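User: I would like to learn how to read strands, sheets and helix packing in a model. Please take me through this one.

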Amino acid sequence: MGELGGCAVFVQSLQCRLFLLSGIACMSVVVCALYKFVSLPDFKARREPLYDEMERLGVKGTLLLAAEGINGTVAGTRESIDGLLSYLMAQSPFATLDYKESFEQEMPFYRTKVKLKKEIVTMGIEGIDPLRVVGSYVEPEAWNALISDPEVTLVDTRNYYEYQVGSFKGALDPNTESFRDFPEYVKSHLDPAKNKKVAMFCTGGIRCEKSTALLKEQGFEEVYHLKGGILNYLEKVPAEESLWQGECYVFDNRVTVNHALEKGTYDLCHGCRHPITEADKLSPLFEQGISCARCHDLLTPEQRLRFEERQRQIDLAKLRNEVHIGRAPTERQRKSQQRTKQE
């Protein structure tokens with residue numbers, strides 16, 4: 001491993017162990033969100049070795065590889081996550097990998113996946129390159145002062161269902177279904193002549209790399225984004241000083257985390273994959289594993305039958321004390337890898 005990468009992993013690992021010893025969190029599973037925008041012309045060739053290393057270490061979760069870099073969230077023991085970070089950061093493209101950790105009592109992922117993508121975060125606009133131009137990073141400790149400035153337009157770059165779970169006080173909701181919708185929101189609602197200062201944020205920072213690059217390309221001069229995203233802010237800013245309201249949606253089985261980065265109060269509808277509350281489950285349209293009030297009338301007959309069968313198998317597995325989801329994914333992954341090699 002290179003000296004820089006090894007030092008970074010050691011320091012982060014030491015900080016995490018001190019955090020655990022403090023009694024703030026006694027969690028056995030480390031959840032690691034990571035990304036890096038970097039030119040990877042050989043990203044397809046990196047897939048199989050990376051998957052093999054994750055399997056060897058017992059790391060679960062999903063990593064995306066594209067010509068523009070790497071992105072994803074994984075989980076495992078302290079030793080396995082340290083091992084994966086060391087493996088990645090020993091490679092020159094990932095020597096300065098951006099990553100954030102939180103802790104959980106149970107494994108939040110069922111499977112191990114490495115996927116090849118066109119983009120590591122999909123905006124769908126050609127020519128947006130955070131390696132060429134990007135907004136100004138703002139540390140969590142300085143974020144409150146920035147967004148309290150009345151001249152600053154604060155924009156949540158996440159999707160509408162993430163915003164509904166929690167956001168910063170005064171943040172605008174673009175009301176997007178996916179990140180692909182964000183450029184249209186900018187075109188329709190933001191103006192370089194009127195919005196002189198724009199601050200943006202997302203879960204871990206990666207979407208803001210592209211959203212701020214987009215605004216800079218379109219002539220916005222003062223564009224800022226929260227370094228490390230919401231998760232970094234929740235870790236570093238005390239709750240009593242926080243301007244965050246609600247919980248933070250995360251893309252794993254925890255669904256949401258609170259200000260202490262512990263599992264939140266939301267569950268997930270397995271029909272539409274949107275967060276739901278205990279109150280939502282009281283709706284007559286809610287069916288465990290099938291639908292919620294939001295998607296009940298949107299499911300096709302074929303989807304309903306498939307979801308019902310899936311839930312039946314899950315219930316049977318529980319009765320037998322078996323794991324239904326995540327059994328033997330390796331063969332599926334190997335076949336997918338083989339198809340990629342042949343393309």
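Analyst: Strand β2 (residues 60-66) and β5 run parallel, joined by 5 bridges. Two strands pair if DSSP finds at least two bridges between them. Helices (H or I, at least four residues) and strands (E, at least two) are DSSP runs, numbered from the N terminus. This is a predicted model: local features need pLDDT of at least 70, side-chain atom pairs count only at pLDDT 80 or more, and totals for chains, interfaces and linings use all residues. Residues are numbered from 1 along each chain as its sequence is written, and side-chain values use heavy atoms, with hydrogens and water left out.

User: Which residue in β5 stands opposite Leu-65?

Analyst: Leu-116 does.

User: What is the order of the strands in the open sheet of 5 strands?

Analyst: Strands of a sheet pair through backbone hydrogen bonds, either parallel or antiparallel. Here the order is β4-β1-β3-β2-β5, and the pairing is mixed. From one strand to the next, the twist averages 10°. Axes are lines fitted to C-alpha atoms, for helices over the stretch in contact, and angles run from 0 to 180 degrees between N-to-C directions.

User: Which strands does helix α2 lie across?

Analyst: Helix α2 (residues 43-57) lies across β2, β3 (69-76) and β5. Relative to β5, α2 runs at about 175°.

User: Now the open sheet of 4 strands. What is its strand order?

Analyst: The order is β6-β10-β9-β7, with parallel pairing. β6 (136-138) and β7 are at the edges with a single partner strand each, so one side of each has no neighbour in the sheet. The twist averages 30° from one strand to the next.

User: Which helices pack on this sheet?

Analyst: Helix α4 (residues 140-147) touches β6, β7, β9 and β10 (222-226), and its direction makes about 135° with that of β9. α7 also packs on the sheet, touching β6, β9 and β10, and its direction makes about 175° with that of β10. Contact means heavy atoms within 4.5 Å.

User: Is strand β7 buried or exposed?

Analyst: Buried means under 20% relative accessible area, exposed over 50%, partly exposed in between (1.4 Å probe, protein chains only). In strand β7 (residues 152-156), 5 of the 5 residues are buried, so the strand is largely enclosed by the rest of the structure. In a regular strand the side chains alternate between the two faces of the sheet. Both faces of β7 are covered: Val-152, Leu-154 and Asp-156 are buried on one side, Thr-153 and Val-155 on the other.

User: How many bridges join β7 to β9?

Analyst: 5 bridges join β7 to strand β9 (residues 197-201), and the two run parallel. Val-155 has Met-200 as its bridge partner in β9. Val-152 stands opposite Lys-197.

User: Where does Lys-194 lie?

Analyst: Lys-194 lies in the loop between α6 and β9. Its relative accessibility is 70%, so Lys-194 counts as exposed. Lys-194 and Thr-153 are 41 residues apart in sequence, and 9.8 Å apart in space, C-alpha to C-alpha.

User: Last, at what angle do α6 and α7 cross?

Analyst: The axes of α6 (residues 182-189) and α7 (residues 206-217) cross at roughly 40° and come within 11 Å. Angles under 35 degrees count as roughly parallel, over 145 as roughly antiparallel, 65 to 115 as roughly perpendicular and the rest as oblique. α6 and α7 are therefore oblique to each other.

User: Which residues meet there?

Analyst: Phe-182, Pro-183 and Val-186 in α6 meet Ser-211, Leu-214 and Leu-215 in α7.
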